[in-house]
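Student: Could we go through a model together, with the cut-offs spelled out as we meet them?
Tutor: Gladly, here it is.

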Amino acid sequence: PTPSDVAALEDARLIFRNGGDLDSWRLPAVKAAGGKQNPVDLSNGAVLLERGLPGAGGATGATGDVDGGDETFNSHWSLDPDNLRSVALLVRDELIKADPARRETFRARTADYRDRVAGTDEALRACVKSVPEDDRAVAAGHDDFVYLTEHFGIETAAMLHASGGEDPSASDVERATKDARSGGARAMLVSKGEAGRLERAVAGELNVPLLELYGDSL
């Protein structure tokens, strides 16, 4: 964070954070700004998954911090529409506490937002339904799309990295490529701007398209 970011935190009446390792920098930044605010952790309103590949951890079924640590859960919870609808209620309630006079505005806007998320969910389900069930499998650079694939019934057959902050070994790449091939992966998913030589090489080896999606935008 820049000095102006810290100043903005100092002036804020309410601070939200995603939770987990995506914005772990925010806590020391708030402390640097004077520590007056206790940031609202939005992940407390979500059902979280452990980091890594589904089935090697998988869904925790827990709401909020898994085991209480920032590094233990997958931070990309916002790619699950159910989480977005749930967390919107948490945001609404915190805004009402901060500005009670505008409660009806917050309620109306939250209802509108939840409807929009439901519409997006429905459209994406229709899109997935158009893909034959046997073709609903992908490989991934790391675990940034697990919430999306789990929600919509798409199998993540393999991941090159356990998380975005790790570099895979040669054996990791070999294993992931083998798993992706045996699992019938039809595409390689990576976050926008994160497609490197390794991801392109594996997609080429599998003869599947490399799809760059926005890892934190439904």
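Student: Let's start with Asp23: does it count as buried or exposed, and at what relative accessibility?
Tutor: Buried means under 20% relative accessible area, exposed over 50%, and partly exposed in between, using a 1.4 Å probe and protein chains only. Asp23 therefore counts as buried, its relative accessibility being 5%.

Student: Before we go on, what kind of model is this?
Tutor: Residues are numbered from 1 along each chain as its sequence is written, and side-chain values use heavy atoms, with hydrogens and water left out. Local features need pLDDT of at least 70 and side-chain atom pairs count only at pLDDT 80 or more, while totals for chains, interfaces and linings use all residues, as this is a predicted model.

Student: How many helices and strands does the protein have?
Tutor: Both are DSSP runs numbered from the N terminus: helices are H or I with at least four residues, strands are E with at least two. The protein has seven helices and eight strands.

Student: Which backbone nitrogen does the side chain of Asp23 reach?
Tutor: Asp23 sits in the loop between strand E1 (16-17) and helix H2 (26-32). Contact means heavy atoms within 4.5 Å, and, not counting residues up to four places away in sequence, Asp23 touches Arg17 and Asn18. At 2.6 Å, its side chain reaches the backbone nitrogen of Asn18.

Student: What polar contact does the side chain of Asp41 make?
Tutor: Asp41 belongs to strand E2 (residues 40-41) and, at 12% relative accessibility, counts as buried. A polar contact is a pair of N or O atoms within 3.5 Å; within protein, one must be able to donate a hydrogen and the other to accept it, and residues adjacent in sequence count only if both atoms are side-chain atoms. At 2.5 Å, the partner of the Asp41 side chain is the side chain of Ser43.

Student: In what order do the strands of the open sheet run?
Tutor: Two strands pair if DSSP finds at least two bridges between them. E5 (residues 137-140) pairs in the parallel sense with E6 (residues 155-159) over four bridges, and with E7 (residues 188-191) over two bridges. Four strands form the open sheet, with parallel pairing, in the order E6-E5-E7-E8.

Student: Why is one side of E6 and of E8 left without a neighbour in the sheet?
Tutor: Strand E8 (210-213) and E6 stand at the edges, so each has a single partner strand.

Student: Which residues stand opposite Ala140 in E6 and in E7?
Tutor: Both faces of E5 are covered, with Ala137 and Ala139 on one side and Val138 and Ala140 on the other, all buried. Ala139 stands opposite Ala158 in E6. For Ala140, the bridge partner in E6 is Met159, and the residue opposite in E7 is Leu189.

Student: What is the handedness of the β-α-β unit that contains helix H5?
Tutor: A crossover is right-handed if, with the strands pointing away from the viewer, the path from the first strand over the helix to the second runs clockwise. The unit made by E5, helix H5 (residues 146-151) and E6 is right-handed.

Student: At roughly what angle do the axes of H6 and H7 cross?
Tutor: Axes are lines fitted to C-alpha atoms, for helices over the stretch in contact, and angles run from 0 to 180 degrees between N-to-C directions. The axes of H6 (residues 170-182) and H7 (residues 197-206) come within 10 Å and cross at roughly 40°.

Student: Which residues make that contact?
Tutor: From H6 come Val173, Thr177, Ala180 and Arg181, and from H7 come Leu198, Val202, Glu205 and Leu206.

Student: Which residues does Tyr113 contact, leaving aside neighbours within four places in sequence?
Tutor: Tyr113 is in helix H4 (residues 103-129) and is partly exposed, with a relative accessible area of 30%. Its C-alpha atom is separated by 7.8 Å from that of Ala88, 25 residues apart along the chain. The residues in contact with Tyr113 are Leu84 and Ala88.

Student: What is the phi of Asn207?
Tutor: Most residues other than glycine have a negative phi. Asn207 lies in the loop between H7 and E8 and is exposed, with a relative accessible area of 69%. Although Asn207 is not a glycine, its phi is positive, at about 60°.
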